[in-house]
Amino acid sequence: AAKEERGMFAFFEAGMDESLRERRGLEADLRLALQRDEFELYYQPLYNLPEDRVTAFETLIRWNSPSRGRVMPGDFIPLAEQTGLIIPIGEWVLRTACAEAVKWPAHIRVAVNVSSVQFKDKRLASIVREVLERTGLAPERLELEITETILLQDSETVLTTLLDLHAMGVRVSMDDFGTGYSSLSYLRRFPFDKPKIDRSFVGDLAAPAANGDMAAGGEAPWRLTRSALLIVRAITGLGSGLGITTTAEGVETVHQFEQMRLEGCKEVQGYFIGLPRPASEIASMCSVLDAS
Ligand code: C2E
Ligand code: CA
Ligand code: CA
Ligand code: CA
């Protein structure tokens with residue numbers, strides 16, 4: 001048994017070595033990616049229902065690594081956050097997105113994801129101000145998307161930054177809304193402009209059954225779809241009561257799209273509206289979507 005245990009331990013260690021080596025390699029590549037210009041921004045449309053047109057694009061980063069191929073943000077943003085690399089990467093994203101957005105029609109805004117690591121950095125508001133001045137983008141055309149984990153942390157700096165951004169005229173959205181512990185109370189305590197309903201709720205909405213019977217899948221799915229609908233309704237109702245726009249993410253079907261409209265949701269985003277695409281395709285996305 002002792003021998004087997006040692007074998008297990010050796011195996012475990014080798015596994016650790018391997019993943020550590022992999023992580024170090026990823027980190028080394030990530031450090032060089034900025035100077036080698038390997039990042040690219042994709043843009044996904046946000047469709048305004050009352051206005052019946054695209055009114056914003058969300059910026060989503062891609063890493064075109066020569067050795068790894070296309071790397072999605074979920075596979076490198078966490079490491080970038082742990083190593084602090086997210087600070088220069090995030091600044092590049094902001095600068096590039098704002099420089100791109102000044103070329104768009106004036107009614108179209110740009111949404112940029114901001115990591116909690118960036119948000120805890122006291123310099124964030126002044127970086128945003130400098131980027132806006134340098135690119136000439138009107139502050140009202142910039143939306144920063146943050147998640148509520150930010151608010152669990154150093155709330156003194158966070159609140160100061162939020163107020164500074166607000167004073168500048170920059171909007172702040174709360175991403176993945178409804179998935180955290182205290183979403184609703186945060187909306188009340190902090191000056192947010194927009195909750196973005198997490199796509200898990202939108203995805204759990206019932207598909208219409210052919211015979212119109214909602215309970216086709218038995219009790220558990222029924223409870224799931226029913227509660228998803230009630231959560232969407234509660235967030236949208238809260239938003240309109242507060243006079244702010246509510247966005248639903250992850251809208252993939254015409255049914256979900258129509259349900260969001262019925263619930264009074266002001267803005268939708270998802271594969272049904274449009275996929276994230278390179279900047280060069282923005283003009284055609286706007287004309288195609290506005291015409292529909
Ligand atoms: P997120 O902010 O929640 O962004 C939405 C994600 O959902 C994107 O994945 C998008 O491609 C995907 N998506 C859009 N519509 C649909 C849909 O209809 N169905 C489904 N299933 N998915 C949809 P992506 O591009 O892989 O980004 C993942 C996450 O990485 C983002 O989640 C965001 O948290 C983070 N991220 C992306 N770009 C940046 C960035 O520049 N900076 C920071 N800090 N984080 C970023
Ligand atoms: Ca987002
Ligand atoms: Ca989200
Ligand atoms: Ca997310």
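**Calcium sites, core and cavities of a predicted model**

The protein chain exposes about 15,100 Å², and carbon and sulfur atoms supply 55% of this area. Accessible areas come from the Shrake-Rupley method with a 1.4 Å probe; for residues, only the protein chains shown count as cover. The model is predicted: local features need pLDDT of at least 70, side-chain atom pairs count only at pLDDT 80 or more, and totals for chains, interfaces and linings use all residues. Residues are numbered from 1 along each chain as its sequence is written, chains are lettered from A and ligands numbered from 1 in the order in which they are written, and side-chain values use heavy atoms, with hydrogens and water left out.

The protein chain holds eleven helices and ten strands. These are DSSP runs numbered from the N terminus (helices, H or I, at least four residues; strands, E, at least two). Of the 292 residues, 45% are buried. Buried means under 20% relative accessible area, exposed over 50%, and partly exposed in between (1.4 Å probe, protein chains only). Among contacts between residues at least 6 apart in sequence, 69% join residues at least 24 apart. A contact here means heavy atoms within 4.5 Å.

Donors are N, O and S atoms within 2.8 Å of the metal (3.2 Å for Na, K and Ca); water is not among the atoms, so sites may look incomplete. Glu145 lies in strand β5 (residues 142–146) and Asp175 in strand β6, so the pair ties together parts that are 30 residues apart in sequence. Glu145 is buried at 2% relative accessibility. Asp175 is also buried, at 10%.

Asp175 coordinates both the calcium ion (ligand 2) and the calcium ion (ligand 3), which are 4.1 Å apart. Asp176 coordinates both ligand 3 and the calcium ion (ligand 4), and these two ions are 3.6 Å apart. Asp176 belongs to strand β6 (residues 171–177). Asp176 is partly exposed, at 27% relative accessibility.

Backbone angles were also inspected. Most residues other than glycine have a negative phi. Asp176 has a positive phi, near 50°. Asp37, likewise not a glycine, has a positive phi of about 60°. Asp37 sits in the loop between α1 (2–33) and β1 (39–48). Asp37 is exposed, with a relative accessible area of 57%.

The largest nonpolar core contains 76 residues, of which Val128 and Leu142 touch the most other members. Such a core is a set of buried Ala, Val, Leu, Ile, Met, Phe, Trp, Tyr and Cys residues joined through side-chain atoms within 4.5 Å. Helix α3 (residues 86–101) provides the largest share of this core, eight residues. Beyond its neighbours within four places in sequence, Val128 contacts Leu94, Leu142, Leu144, Leu165, Met168 and Val170.

A search of the whole structure finds two cavities of 30 Å³ or more. A cavity is a set of points on a 1 Å grid over the protein atoms alone where a 1.4 Å probe fits but cannot get out; lining residues have an atom within 4 Å of a point. Grid points are joined across faces, edges and corners, and a volume is the space filled by probe spheres set on the points. The largest cavity holds about 60 Å³. Its lining includes Ile87, Leu94, Gln118 and Ile127. Helix α3 gives the most to this lining, with four residues.

Methods:
1 Å grid on protein atoms, 1.4 Å probe; cavity = no way out; pocket = protein on both sides within 12 Å on 5 of 7 lines; lining within 4 Å.
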